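Please open the structure in your viewer and keep a selection tool at hand. The stops below are given in the order in which they may be selected.

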Amino acid sequence: MTEPFEIIHSKRKTVNIQVKSDGRVVVRAPLRMSNGDVRRLVEEKADWIEKHLAQIRRQRDSAGPAFTAGQLRQLAEAARQDLPRRAARFAPLVGVSYGRITIRAQKSRWGSCSTLGNLNFNCLLMLCPEDVRDYVVVHELCHRKEMNHSERFWRELARVLPDYETPRKWLKTNGSGLIRRLP
């Protein structure tokens, strides 16, 4: 494989090769595995890696033009108006409180919840249907009760949004096309 790749050694037992959406190849390997062994493994998996890199290039080419700074500012402003209202509406239904809400243009997340209860949302949610915005807001509010994706977390989410699978699938199908348009 001629592409450069990053090696991250850690206390793990298995090797994991990731092809990131920005085209980077990251190899996570056990501490005891030599860089030479990692390189040999990457060479063995070169066809698989190249297939995924080609798929990313195709997706990037078909995603549309990158958002301008002005467009992202407008989306962020709209999100600052819309998403806090949704959080205020759903928090009592979930039975939780939350801290501050931050809006960003994120390349890897639609939302997150800190251990302090602060919520972060992607401004690109404003390009998603309303039920998708509701899903992401409720998802993060449910993390105020369960800071994981356990069975209890999903039960809580289903209690508040029984049809959460529909917006979740929309996000999986369409979300990466929006994120790829970030500069």
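The tour begins with a pair of helices and then turns to salt bridges.

The model is predicted: local features need pLDDT of at least 70, side-chain atom pairs count only at pLDDT 80 or more, and totals for chains, interfaces and linings use all residues. Residues are numbered from 1 along each chain as its sequence is written, and side-chain values use heavy atoms, with hydrogens and water left out.

**Stop 1: helices 3 and 5**

Select residues 69-94, which form helix 3, together with residues 151-160, which form helix 5. Helices here are DSSP runs (H or I, at least four residues), numbered from the N terminus. The two axes come within 10 Å and cross at roughly 115°; each axis is a line fitted to C-alpha atoms over the stretch in contact, and angles run from 0 to 180 degrees between N-to-C directions. The crossing is right-handed, a term for a near helix turned clockwise from the far one by less than a right angle.

Phe90, Leu93 and Val94 of helix 3 meet Glu156, Arg159 and Val160 of helix 5, where contact means heavy atoms within 4.5 Å. These residues divide into 4 nonpolar, no polar and 2 charged.

**Stop 2**

Glu156 is buried at 14% relative accessibility, whereas Lys145 is partly exposed at 41%. Buried denotes under 20% relative accessible area, exposed over 50%, and partly exposed the range in between (1.4 Å probe, protein chains only).

**Stop 3: Asp82 and Arg86**

Return to helix 3 and select Asp82 and Arg86, which lie 4 residues apart, about one turn of the helix. Their side chains meet in a salt bridge of 2.6 Å, N to O. Is Asp82 buried or exposed? Asp82 counts as buried, at 11%, and Arg86 is buried too, at 5%.

**Stop 4: helix 6**

Finally, select Glu165 and Arg168 in helix 6 (residues 165-179), 3 residues apart. Their salt bridge has its closest N and O atoms 3.7 Å apart. Arg168 is partly exposed at 22%, as is Glu165 at 32%. A search of the whole structure finds 13 salt bridges.

Definitions and conventions:
Helices (H or I, at least four residues) and strands (E, at least two) are DSSP runs, numbered from the N terminus. Ala, Val, Leu, Ile, Met, Phe, Trp, Tyr, Cys and Pro count as nonpolar, Asp, Glu, Lys and Arg as charged, and the others, Gly among them, as polar. A salt bridge is a side-chain nitrogen of Lys or Arg within 4 Å of a carboxyl oxygen of Asp or Glu.
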